Amino acid sequence: MDDPLFDDTTSADDSGNFPPRFDSARVEAQILSRREAPPRNPGGTPFSMVVPPPNITGRLHMGHALNLTIQDVAARYRRMAGQDVLWVPGVDHAGIAAQNVVEKKLREEGIDFKTLGQEEFVSRVWAWKESIGSGIGDQIRRLGASLSWDHERFTMDPGFSRAVREVFVRLYEDGALYRAERMIHWCPRCLTALSDVEVTHVDREGQLVYVRYPDAGGAGEILVVATTRPETIVADLALAVHPDDPRYQGWVGRSVRVPMTDRLIPVVADTAVDPAFGTGVLKITPSHSMVDFEIGGRHGLGTLSVMDADGTMNALAGALSGLSREKARERALEVLESDELLDRREPYALAAGVCYRCQTEVEPRLSLQWFVKMAPLAARARLAVSEGEIRFFPSSWQKTYYEWIDNIRDWCVSRQIWWGHRIPAWSCNDCGHLAVLREDPAVCPACQSSAIVRDPDVLDTWFSSALWPFATLGWPEETPDLARFYPTSLLVTGFDILFFWVARMIMMGLYLTDRAPFRDVYIHALVRDEFGQKMTKSRGNVVDPLELMDRFGTDAFRLSLALLATPGRDIRLSIERVEASRNFVSKLWNAFRFISRTVPGGTPLLSDPGAVRGIANRWILSELVRTERDYREAMESYRVDEAALLVYRFTWSLFCDWYLEAAKTDADRDPQDPLRQETLSTLLTVGAALLDLAHPILPFVTEELSRIFGFDNASVGSSPALLGLSILPGESPEPFERIRTMVGSVRQIRTVMKIPPTQEIPADLVLSDPGLSPEALWPFLRRLARVVPSSSPLLKGLRAPFRDGHLVLDLGDLVDFTQEAARLDREVARVEGKIAEVSGRLSREEFVRKAPPEVVEKDRALVVTLEEEKEGLLAARDQVRDFLSGGR
RNA sequence: GGGCGAUUAGCUCAGCGGUAGAGCACUGCCUUCACACGGCAGGGGUCACAGGUUCGAUACCUGUAUCGCCCA
């Protein structure tokens with residue numbers, strides 16, 4: 001073991017090697033096996049988040065991965081900044097989704113869940129929940145998400161259930177919750193009511209069917225009605241026309257006969273009718289259409305329901321009874337056809353409402369349900385955002401939020417399923433009293449009868465989710481957690497649940513705690529496949545995050561997501577991107593491999609970065625300070641993508657490409673040379689700081705490297721480097737920038753002249769700037785450009801020009817001047833183009849007069865620089881031309 | 001029908017009033033003692049289109065086109 005850093009058992013693979021590849025699988029397994037809770041810092045300012053609880057039915061998908069990565073970056077960053085971070089994990093009981101899963105499982109076992117009864121079924125769901133254990137939780141850990149696992153909650157754990165019940169009762173007592181018979185969206189497959197947001201719309205190719213309604217007077221006149229739902233004709237209770245429609249003035253008040261039946265219905269006038277749709281005559285089916293229900297109400301039409309809960313036509317459907325909705329539609333067309341009441345049909349694109357859980361087309365249905373009054377809640381929720389109490393990132397989501405808030409309708413919260421929070425309402429069979437209670441009653445509170453029945457329905461899953469930020473912290477108890485961490489600091493979520501979840505948390509939070517439940521809301525987009533397609537099972541384009549983590553490492557996967565997480569834009573994730581990130585992790589790893597070989601154990605970190613003298617050292621430190629400043633700015637404004645890019649660029653383009661190469665020069669110096677010591681310490685210091693910057697995004701590789709180097713525990717990530725480097729080194733870093741241009745100039749010539757990279761070129765250094773010391777420059781030029789001081793002054797040679805001087809290169813006989821002449825011509829043209837542009841601007845009086853002085857000044861300085869550059873290029877070109885014409 | 005977003009290099013995307021950028025792909029050279037999951041050098045863009053504001057517009061405003069999403 002010749003490397004002093006590896007003289008103990010903490011080496012990379014515990015056998016003294018620092019392999020050229022980072023073994024992500026091994027390191028991740030090792031770190032995860034410790035199952036450490038992330039550290040808390042009771043002395044720090046609180047920073048809290050609640051995780052959007054994944055469904056118990058869930059498996060980690062791209063959306064989770066993105067969501068958790070962003071949160072974890074925030075959590076780790078805050079921890080490193082000394083804050084006391086609480087990030088509450090948890091799982092949602094996922095009412096309908098979980099019920100569906102268990103129903104299906106039972107069906108596969110040959111059991112019809114309905115035969116079990118509610119209690120037994122619920123206990124089966126609990127058993128199933130136990131059987132899947134911490135599946136999704138383990139996958140979340142796998143992603144490196146540093147949640148506060150000791151605070152894990154479930155939306156149906158006892159405490160949470162108490163909170164849900166408390167809210168329901170409180171709303172009821174306040175008159176903000178009521179039971180009523182209303183039109184709701186009904187899923188004929190899930191057999192439950194749905195809220196407005198649980199219905200999504202899909203474009204369908206339908207038909208507009210024109211049907212003849214004969215005049216009841218027998219005069220042979222007919223009204224033609226256009227409908228997309230001919231199967232509901234048998235439930236028609238009226239036809240309606242717009243009162244101002246000249247075509248139908250004579251019809252209002254008359255009666256027509258309903259096709260397929262013997263019923264007579266009136267023709268009414270209503271302003272809700274759109275004269276431009278179809279024939280301008282609307283059939284009114286109050287029991288099967290939201291709009292018709294309203295119109296029917298205005299005209300006292302009553303109701304007639306021809307469909308059962310499961311979408312089957314019932315006994316009142318006459319010729320259609322017993323048929324499914326779909327079959328009924330076909331049959332209706334046949335009957336109309338044969339009755340010669342079918343006028344015509346035309347294709348019609350319609351947006352069908354479907355259940356968001358099972359995609360079944362929903363039915364409007366009149367039924368007795370529980371509703372939350374939204375108007376008062378919504379008003380406050382609007383204010384919280386418009387007054388800036390809650391901030392959206394990106395802020396463009398405000399509009400969408402207002403749009404919804406402003407058009408909100410009462411929220412149907414009862415569900416006719418078995419899995420969920422049972423509604424705490426009892427009705428008395430004797431006196432009819434309805435009791436909503438915090439504790440289960442034994443008898444009717446009104447008449448003491450024991451003939452009371454509990455409402456069999458459960459609550460919308462989102463009802464409990466709406467309590468998540470405070471119920472997880474102990475509400476309604478006044479717990480220490482609630483006092484310290486509520487309101488939470490940041491909520492990170494996808495736009496797809498803005499209405500389902502975010503808006504409702506705001507409403508409930510304000511109503512129940514009098515405070516907005518969070519300060520900032522970061523709304524991220526969707527992860528799509530590389531072609532921009534949404535990842536869905538049916539498309540078969542779902543990429544499994546776990547697979548990517550296995551293949552490329554979790555760090556690489558997280559970095560890919562972070563880099564692509566531009567606010568407000570969907571993410572197209574391709575394997576190539578993850579590969580590129582993997583390469584970055586490897587690059588980082590190897591940079592530290594180099595440091596470990598170069599820097600002996602026991603080397604101290606820089607105690608005073610401002611006192612550093614070495615050209616390269618000063619340069620990298622000043623770049624680090626700049627990067628760190630921008631990085632913090634990015635993190636504070638939730639620009640994870642920018643922060644990640646800063647780390648990427650600093651590491652690769654500056655630290656690896658330039659500093660490490662330059663540091664090799666200093667490291668080769670005499671052991672007694674103080675510059676060598678300074679450089680070794682700088683390497684270590686910048687390395688440590690770099691790990692800190694990278695840690696929130698790349699937790700595993702940085703923790704492993706920190707461990708190897710004995711830096712502060714990277715899971716704490718409180719290396720002094722990050723905190724201590726707020727001072728800029730005293731002097732300008734410019735000398736190293738000059739070196740970069742010199743090196744660039746030589747490298748260009750080397751390429752054009754086809755001189756092998758390893759071949760050293762003797763050269764003379766000619767400097768016009770007296771501030772630069774050739775003695776300090778040569779070692780870097782030798783290392784980075786492979787030029788060496790020539791033993792004697794060169795009279796003839798090729799000029800490598802840079803801004804304030806040039807190198808004369810002795811290329812011996814290798815020279816093909818024509819290529820170089822052509823290159824220089826191109827360069828001169830490029831610089832001249834720039835000069836023309838900038839000086840053209842400066843020559844315009846208006847520009848000089850109106851533009852800000854600093855802009856004009858900057859342009860003037862730019863012209864000077866460009867002129868210098870041009871002169872150098874011209875001198876080099878002239879010389880090349882000399883060689884070309886005169887030989888040598 | 002209303003709203004939102006997008007349109008920048010072959011592809012995927014940053015940038016956003018003041019010399020057009022990254023990753024991947026492409027071309028040439030290089031297995032040089034951290035890294036070929038690498039290095040060096042390079043090619044490639046009238047920043048969708050048309051007006052306007054401005055000393056100056058890829059960026060701001062208006063309109064048009066195309067694409068995507070949300071709501072009705």
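Predicted model: local features only at pLDDT ≥ 70, side-chain atom pairs only at ≥ 80, totals over all residues.
Q: What radius of gyration does chain A have, and what would a compact globule of 888 residues have?
A: Chain A comes out at 37 Å, while a compact globule of 888 residues would sit near 29 Å. Along the principal axes, the C-alpha atoms of chain A fill a box of roughly 120 × 65 × 55 Å.

Q: How many helices and strands are in chain A?
A: Helices (H or I, at least four residues) and strands (E, at least two) are DSSP runs, numbered from the N terminus. Chain A has 27 helices and 29 strands. Contact means heavy atoms within 4.5 Å. Among contacts in chain A with a separation of 6 or more, 77% involve residues 24 or more positions apart.

Q: Which residues are closest to RNA strand B?
A: A residue is near a strand if one of its heavy atoms lies within 4 Å of it. Here 40 residues surround RNA strand B, and the closest are R21, R569, W652, K834 and R844. Of the atoms of RNA strand B that come within 4 Å of the protein, 65% belong to sugar and phosphate.

Q: What is the make-up of the surface near RNA strand B?
A: Ala, Val, Leu, Ile, Met, Phe, Trp, Tyr, Cys and Pro count as nonpolar, Asp, Glu, Lys and Arg as charged, and the others, Gly among them, as polar. The surface near RNA strand B has 19 charged, 13 nonpolar and eight polar residues. Its largest share, 11 residues, comes from α17, and the helices that each supply at least two residues include α17 (575-598) and α19 (640-667).

Q: Which part of RNA strand B does the side chain of Q748 approach?
A: A polar contact is a pair of N or O atoms within 3.5 Å; within protein, one must be able to donate a hydrogen and the other to accept it, and residues adjacent in sequence count only if both atoms are side-chain atoms. An N or O atom in the Q748 side chain is 2.6 Å from a phosphate oxygen of RNA strand B. The side chain of R21 instead places an N or O atom 2.5 Å from a base nitrogen. For A591, a backbone N or O atom lies 3.3 Å from a base nitrogen.

Q: How many disulfides does the structure hold?
A: A disulfide is a covalent bond between the sulfur atoms of two cysteines. The cut-off is a pair of cysteine sulfur atoms within 2.5 Å, and the structure holds zero. C355 is in no disulfide, with the nearest cysteine sulfur, in C358, 3.7 Å away. The sulfurs of C428 and C447 are 3.5 Å apart, so they are too far for a bond.

Q: Is K754 buried or exposed?
A: Buried means under 20% relative accessible area, exposed over 50%, and partly exposed in between (1.4 Å probe, protein chains only). K754 is exposed at 72% relative accessibility. This residue is not a glycine, yet has a positive phi of about 55°.

Definitions and conventions. Residues numbered from 1 in each chain as written. Chains lettered and ligands numbered in written order. Heavy atoms only, no water. Rg over C-alpha atoms; globule rule 2.2 N^0.38 Å.
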